[in-house]
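The following exercises concern a predicted model. Please work through each task before reading its solution.

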Amino acid sequence: GMIDLSISSTAALAGILFAMIIKAGGVALMPVAILAGLLAAIIVGVINGFLVSKLGIPPFIATLGSYLYVRGIVYMSTNAYPIVSLDKGYNFIGRGFIFGIPFPVLIMVIIYIISIVLSEKKKLGRFFYAVGGNEEAAYLSGINTAKTKILAFSVGGLMAGIAGIILMSRLGSGQPNAAIGYEFEAIIAVVLGGVSFSGGKGKAINVFFGTLFIAMLVNGMTIMNINPFAQQIIKGVVFIAAIWNDVLRNKNSR
């Protein structure tokens, strides 16, 4: 039942930190670079969760502020210049193969399996659904709603961090402008996957198909050489349509 608009900036922060460490110490520091990027992303998530659950700031406002300050950190740390001339092994996470399967695909499969098990088989997943469906009822049932919201935002930050590291590795450089606009593509994918904006509804496996749709849409428009400005119009229309579809689903369920 909440939203995180900071994921694109969080992804950029994790990816840039990853690139900076590789630039400084080479691929030998790959594990350190990955951990540092993911830790930074989780910290952003924890801050978002604290702002929402402890200070009572609406998620839209709190994460919009995080979107701005985190992107500002990225620009300041790089002077808005890309990080280039990185070691060859830097590209493996984004472009490598294991047994003929792209490494990012393997990461995606693992994450979806964990997400499905967490959301449908574990107590924490049920807490997420409960807080999203009716926070007051969840609180009266003995669930620590503040802790649950912080965990939810932390998981969101972690996922953004993983995406950012894969993206930077795939680009072959550290790009401060990377991932801009990804928050809207993520929202479209999630809502089309059946996750309700009002909270408490949705399945991780269905989000896969929503993600597949938005990936096909974006890649298809690029392959068809559609004007980038026209692509923004199409994305905006699809975004509104996805939210409208969610509104209709909620009305029908009542």
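A salt bridge is a side-chain nitrogen of Lys or Arg within 4 Å of a carboxyl oxygen of Asp or Glu. By that criterion, the structure holds 2 salt bridges.

**Exercise 1.** Determine which parts of the chain are linked by the salt bridge between Glu135 and Lys149.

Solution. Begin with the distance: the side chains of Glu135 and Lys149 meet at 2.8 Å, N to O. This pair qualifies as a salt bridge because the cut-off is 4 Å. Next, place each partner: Glu135 belongs to helix H7 (residues 135–140) and Lys149 to helix H8 (residues 145–171). The two residues are 14 residues apart, and the pair links distant parts of the chain.

**Exercise 2.** Classify the geometry of the aromatic pair formed by Phe18 and Tyr90, and locate both residues.

Solution. A pair of aromatic rings is described by the distance of the centres and the angle of the planes. In total, 5 aromatic pairs are counted in the model. For Phe18 and Tyr90, the centres lie 5.2 Å apart and the planes make an angle of 25°. The pair is therefore stacked, as planes under 30 degrees apart count as such. As to location, Phe18 sits in helix H1 (residues 7–25), whereas Tyr90 sits in the loop between helix H3 (59–78) and helix H4 (92–95).

**Exercise 3.** Describe the lining of the second largest pocket by residue, element and class.

Solution. The volume of this pocket is about 170 Å³. Its lining consists of Ile180, Gly181, Tyr182, Phe184, Glu185, Gln232, Lys235, Gly236 and Phe239. The elements giving two or more residues to the lining are helix H9 (182–192) and helix H11 (228–253). Of the contributors, H11 gives the most, with 4 residues. By class, the lining comprises 4 nonpolar, 3 polar and 2 charged residues.

**Exercise 4.** Which helix provides the largest share of the nonpolar surface patch?

Solution. First, list the members: Ile101, Val105, Met108, Val109, Ile113 and Val117, which together have about 430 Å² of accessible area. Then assign them: helix H5 (residues 103–121) supplies the largest share, 5 residues. Ile113 is a patch member that lies in helix H5.

Definitions and conventions
Residues numbered from 1 in each chain as written. Predicted model: local features only at pLDDT ≥ 70, side-chain atom pairs only at ≥ 80, totals over all residues. Heavy atoms only, no water. 1 Å grid on protein atoms, 1.4 Å probe; cavity = no way out; pocket = protein on both sides within 12 Å on 5 of 7 lines; lining within 4 Å. Points joined across faces, edges and corners; volume = space filled by probe spheres on them. Nonpolar A, V, L, I, M, F, W, Y, C, P; charged D, E, K, R; others polar. Patch = residues over 30% accessible without salt bridge, like charges linked within 9 Å, V, L, I, M, F, W, Y side chains within 5 Å. Areas by Shrake-Rupley, 256 points an atom, 1.4 Å probe, with all protein chains shown as cover. Phe/Tyr/Trp six-rings, centres within 6.5 Å; stacked < 30°, edge-to-face > 60°.
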